[in-house]
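Try each task before reading its solution.

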Amino acid sequence: MSAGGEVAFVGGGQMARCLVEGWLSQGRDPARIAVADPVAATRDALSTQLRVNVFEQGIDAVATAPVWVLAVKPQVARAVCEALAGQAARTRPLVISVMAGITHAQLKQWLGIDTLVRSMPNQPAAIGAGITALYADPSLDVTLRTVAETVFRGAGTTVWITRETQMDMVTAISGSGPAYLYRLAEAMEDAACTRDLSPAVARQLVVQTLLGAARMLEVPGSSPAQLRGRVTSPGGTTEAAMQALDQGGWAKLVDEAVDAAHARGRTLAEHFG
């Protein structure tokens with residue numbers, strides 16, 4: 001890393017803040033972290049609460065940083081990148097994008113460099129329990145790949161994908177996926193409350209059930225289907241519930257939801273390019 005800075009975040013929204021907090025959790029010096037955001041209140045909060053350096057303009061934030069994290073909305077991605085292109089050509093930083101739908105080719109065209117990593121973190125990164133998918137051109141060396149992983153280490157786990165086209169499916173599964181689970185939790189709580197359980201008890205039952213089931217999925221050697229089979233006794237309550245879900249087209253609806261998210265991801269680059 002350079003003597004001046006370690007990493008610069010262009011965009012100081014919620015995901016950028018999560019990543020900054022994760023970076024700091026690794027013992028990094030906040031004085032060597034820069035964040036650019038046009039909103040004064042956002043800058044004030046980051047400076048006061050995290051003690052990082054803040055700037056209104058991205059070009060000022062990236063001046064001494066060898067790693068840039070672009071965390072702006074896709075709508076402004078091109079303008080932001082083109083404003084930074086001159087500095088990128090001079091310093092050849094590692095640039096990590098967390099902008100949905102913006103492709104490697106677009107980043108390369110707008111920035112004029114090829115030391116690029118696309119990423120897709122998800123919301124649980126806010127509590128260090130997220131997963132981030134990463135993609136880079138095969139030519140990117142292992143040292144820079146390791147640096148990219150480090151940026152996300154405090155946010156959870158990372159996984160590399162081998163083809164950029166897979167990023168749209170990553171978005172549909174892990175990026176949008178937390179919302180699917182929250183919708184399930186809402187439905188379970190509502191069903192419990194309309195059948196005489198208090199909201200507090202319903203919330204506790206649903207949250208712990210989902211947490212416990214997720215941890216069961218982490219146990220090696222058991223597939224989701226196998227775990228479901230173990231709790232589904234013939235003629236029992238769970239079998240009755242599964243039959244109702246199957247008859248209602250549960251699996252088909254999930255497939256359609258993932259397909260809709262996937263399709264939307266494919267259109268983002270065209271729309272914002």
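## Exercise 1: the second largest pocket

The lining of the second largest pocket divides into 16 nonpolar, 10 polar and 3 charged residues. In this classification Ala, Val, Leu, Ile, Met, Phe, Trp, Tyr, Cys and Pro are nonpolar, Asp, Glu, Lys and Arg are charged, and the others, Gly among them, are polar. Before going on, note that the model is predicted: local features need pLDDT of at least 70, side-chain atom pairs count only at pLDDT 80 or more, and totals for chains, interfaces and linings use all residues. Residues are numbered from 1 along each chain as its sequence is written, and side-chain values use heavy atoms, with hydrogens and water left out.

Task: find the volume of the second largest pocket and the elements that line it.

Solution. 
- Start from the rule: on a 1 Å grid over the protein atoms alone, a pocket is an open set of points with protein on both sides within 12 Å along at least five of seven lines, a cavity is a set where a 1.4 Å probe fits but cannot get out, and lining residues have an atom within 4 Å of a point.
- Grid points are joined across faces, edges and corners, and a volume is the space filled by probe spheres set on the points. For the second largest pocket this gives about 740 Å³.
- Of its 29 lining residues, Met 15, Val 72, Lys 73, Pro 74 and Val 98 are the closest to the centre.
- Two or more lining residues come from each of helix H1 (14-25), H7 and H12. Helices (H or I, at least four residues) and strands (E, at least two) are DSSP runs, numbered from the N terminus.

## Exercise 2: Lys 73

Task: is Lys 73 buried or exposed?

Solution. 
- Locate Lys 73 in the loop between strand E4 (67-70) and helix H4 (77-91).
- Apply the cut-offs: buried is under 20% relative accessible area, exposed is over 50%, and partly exposed is in between, with a 1.4 Å probe and protein chains only.
- Lys 73 has 60% relative accessibility, so it counts as exposed.
- Lys 73 is 26 residues from Met 99 in sequence, yet their C-alpha atoms are 6.4 Å apart.

## Exercise 3: the largest cavity

Task: which element gives the largest share of the lining of the largest cavity?

Solution. 
- The count is 1 cavity of 30 Å³ or more, and the largest cavity holds about 30 Å³.
- Its lining includes Arg 118, Met 120, Met 167, Asp 168 and Thr 171.
- Strand E6 (116-120), helix H7 (167-175) and helix H12 (250-272) each supply at least two lining residues.
- H7 gives the largest share, 3 residues.

## Exercise 4: two helix pairs

Task: how do H7 and helix H8 (residues 177-193) pack, and how do H4 and helix H5 (residues 104-111)?

Solution. 
- Axes are lines fitted to C-alpha atoms, for helices over the stretch in contact, and angles run from 0 to 180 degrees between N-to-C directions.
- Under 35 degrees counts as roughly parallel, over 145 as roughly antiparallel, 65 to 115 as roughly perpendicular and the rest as oblique.
- H7 and H8 meet at about 30°, with axes 5 Å apart. H7 is therefore roughly parallel to H8.
- Contact means heavy atoms within 4.5 Å; Ala 172, Ile 173, Ser 174 and Gly 175 of H7 touch Gly 177, Pro 178 and Tyr 180 of H8 in this sense.
- H4 and H5 pack at about 50°, with axes 7 Å apart. H4 is therefore oblique to H5.
- The contact of H4 with H5 has 8 nonpolar, 1 polar and 2 charged residues.
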